[in-house]
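The following note sets out numbered comments on the structure shown below. Please read each point beside the coordinates.

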Amino acid sequence: MGRRLITVLLACAATAAVAPLSAGAQEPSTGTPAAAVPGASTAVPATTGVPASTAVPATPAPASAAAPANVSPQTSGQASDDDSSLPVILVALVGLLLLLTAAVWGAARWWAAEPTWWLNARHSTAEAGWRTSAAWAEFRDWLRLGR
């Protein structure tokens, strides 16, 4: 973005600072049309009363300033297609890791390879759930009948 902005600013500055000769005007010193002389757009026309020897010599504009504003400058380096491969690889790696985890978990469940603490925790949680639901049912009955 910064490179393009600089290019546009240079192009605007070059066109605003230089008063181009009209297409039919001739170069004061050579008598050739201004369009035939490369870089002659900065010469002072002969009608201003300035002698041809004091005309300002044309300085060529940078190559980036000569490009039209609607054309994006060429970039050197990697193509944009190469940049998109990293996220695809990362997503594929995460998917492979999830698939491997699911396969190991499924195999452990198939062969009932559960540690003792897991069995105890599962039994305790199931009993706590049963006791909580029974207590809630008792409370609902008390609200409905016992008032």
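Which side chains meet in a salt bridge at 2.7 Å, N to O? They are those of Arg 144 and Asp 141, as point 3 describes.

1. Basis of the note. This is a predicted model, in which local features need pLDDT of at least 70 and side-chain atom pairs count only at pLDDT 80 or more, while totals for chains, interfaces and linings use all residues. Residues are numbered from 1 along each chain as its sequence is written, and side-chain values use heavy atoms, with hydrogens and water left out.

2. Overall architecture. The protein has five helices and zero strands, in the order α-α-α-α-α along the sequence; helices are DSSP runs (H or I, at least four residues) and strands are runs of E (at least two), numbered from the N terminus. Of the 147 residues, 6% count as buried, where buried means under 20% relative accessible area, exposed over 50% and partly exposed in between (1.4 Å probe, protein chains only). The accessible surface comes to about 12200 Å², of which 68% belongs to carbon and sulfur atoms; areas come from the Shrake-Rupley method with a 1.4 Å probe, and for residues only the protein chains shown count as cover.

3. Salt bridges. The count comes to four, a salt bridge being a side-chain nitrogen of Lys or Arg within 4 Å of a carboxyl oxygen of Asp or Glu. Arg 144 and Asp 141 are three residues apart in helix α5, and therefore about one helical turn separates them. Arg 144 is exposed, at 61% relative accessible area, whereas Asp 141 is partly exposed at 34%. Glu 127 and Arg 131 also pair, with their closest N and O atoms 3.0 Å apart; these two lie four residues apart in α5, again about one helical turn. An α-helix has 3.6 residues a turn, so residues three or four places apart point the same way.

4. A salt-bridge network. Arg 109, Glu 114 and Arg 122 are linked in a network of salt bridges. Within it, the closest N and O atoms of Arg 122 and Glu 114 are 3.7 Å apart. Arg 122 is partly exposed at 45% relative accessibility, as is Glu 114 at 22%.

5. Helix α4 and its surface. This helix has 26 residues and reaches 37 Å from its first C-alpha to its last, close to the 38 Å expected at 1.5 Å a residue; the expected span is 1.5 Å times one less than the number of residues. None of the 26 residues is buried, so α4 lies largely in the open. Leu 96, in α4 (residues 85-110), is exposed at 54%. With Leu 86, Leu 90, Leu 93 and Leu 99, Leu 96 forms a nonpolar surface patch with about 530 Å² of accessible area together. Patches are made of residues with over 30% relative accessible area and no salt bridge, like charges being joined within 9 Å and nonpolar side chains (Val, Leu, Ile, Met, Phe, Trp, Tyr) within 5 Å. Just after α4, Ala 112 takes a positive phi of about 55 degrees.

6. Aromatic pairs. There are three; rings of Phe, Tyr and Trp (its six-membered ring) pair if their centres lie within 6.5 Å, and planes under 30 degrees apart count as stacked, over 60 as edge-to-face and the rest as tilted. Trp 117 and Trp 118 form an edge-to-face pair, at 5.7 Å centre to centre and 85 degrees between the planes. Trp 136 and Phe 139 form a tilted pair, at 5.7 Å and 40 degrees. Ring pairs link Trp 136, Phe 139 and Trp 142 into a cluster.
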